[in-house]
Structure formats: structure tokens, C-alpha cells
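Hello,

Here is the structure I promised to pass on. My notes on it follow below.

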Amino acid sequence: MSLWGNDIKPKNLTDAEKKEVFANTKGWVREAGSVLSGNGNTSADPEVLVAIGGLSANMGSANITEIEFITTSFDKSDGGNIDVRVRFNEPVTVTGTPRVSITNGNQGSGTGRGPHLANYLSGSTTNELVFRCTIAAANAATNASDVLVIGANATALNGGTIKDTGEGTVATITNSAGIGTAAGSITVAA
């Protein structure tokens, strides 16, 4: 049996640990600043877990491994930001303003709200990109009880690029329904 699981990351890691592991030129590494490594310094070098020289260059284009909401609740009366994290299996470089589409299920009264577009915010040259959607207080974009989710193929380049940092090739920007569903949902409060 292979050392790698179905998602090719070291299979001895828990699902929580796999979230913070990606490939770079040194091999499989854990993100800098991870609580799991015991080093809270986000400027430190990533911790090498499995040394495989040139791993990221040999893996092909970067792929999305996870999408998750960073924001866990949203109140229509307060408004605010809805942040989404997109993790890749290796570092990527961003130009322009790629975006993630957040679907509004319109469970609250009325119809026709959404999708909401979260624009690229930060993370270029790392394996984690952050996207943000800002909705003003009492905006008609959401109603109480609406459920916000991320579906399949939610990530779009929008005229920008997301390139594999090691190879410089444009990453394939698709995500399966499973990856989007794993992000969970946010139910809008009144």
C-alpha cells in the first residue's frame, strides 16, 4: 500500500493536520505558524514533514484541496465581511482579482438574492488564499434565515490568474461539489 492517501498527502496525518500541509520544493511541509508545529511564528520557514526534493515541481499544476468559510456567522442588521479560505496543494501566485461565488439559498422571505462574490484579498505565494465579500448593514443582498453556501466550481479567475508558484503554470481552477460542500454554511441572522 502506498504511503500517500487518496489526496496524496501523507496518510498518517489526521484530516485537521492535512489542512495545514502542502507541497513545496523541499517536500511535504506544514504551514509556518501552525499550532500543530508548536511555532506561532508565521514568518518562519514551513516545517518539513517528508523530504522529497522538487516535489511541487513534479506534482503538476496546483489544485484546490479545500474551501472553507473563515467567517462563521453573519447578521443582516450589522452587515460585515464574509471571508473564505481556499487551500491549494502547493503555493500559488495571484494576479488580478479572482473570486469565489457564495450561493444564497434564499430561505428567508423573498427571492432573487445572491450569489455573492468574494474577491481575492490576500495569500499570494502561499498555499492559502483569502477572499472577502462585504455586505452593508440592512442590505437587500441577504434576509434573515438565508443560508449561504459554496458550491462546485465556485472559484473563478475573473480576468486574473492563479499560477503554480513553482512552475508558473496557470492552475486549474475547479472544485468538486465535495470540496465546496465541506465549507459548510452560514445562516444569516436578523
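Leaving out residues up to four places away in sequence, which residues does E66 touch? They are K19, R85, V86, R87 and I179, where contact means heavy atoms within 4.5 Å.

Before going further, a word on the source: this is a predicted model, in which local features need pLDDT of at least 70 and side-chain atom pairs count only at pLDDT 80 or more, while totals for chains, interfaces and linings use all residues. Residues are numbered from 1 along each chain as its sequence is written, and side-chain values use heavy atoms, with hydrogens and water left out.

E66 sits in strand β4, residues 64–69 (strands are DSSP runs of E, at least two residues, numbered from the N terminus). E66 counts as buried because its relative accessibility is 12% (buried means under 20% relative accessible area, with a 1.4 Å probe and protein chains only). Its side chain makes polar contacts with the side chains of R87 at 2.5 Å and K19 at 3.4 Å (a pair of N or O atoms within 3.5 Å, one able to donate a hydrogen and the other to accept it; residues adjacent in sequence count only if both atoms are side-chain atoms).

Now to the nonpolar cores (sets of buried Ala, Val, Leu, Ile, Met, Phe, Trp, Tyr and Cys residues joined through side-chain atoms within 4.5 Å). The largest has 27 residues, of which I82 and V84 touch the most other members. Strand β6 gives the largest share, 6 residues. A second, separate core of 5 residues includes L13, V21, W28 and L55.

Best wishes

Note on methods. Helix = DSSP H or I, 4+ residues; strand = E, 2+ residues; numbered from the N terminus. Buried < 20%, exposed > 50% of the residue type's maximum accessible area, 1.4 Å probe, protein only.
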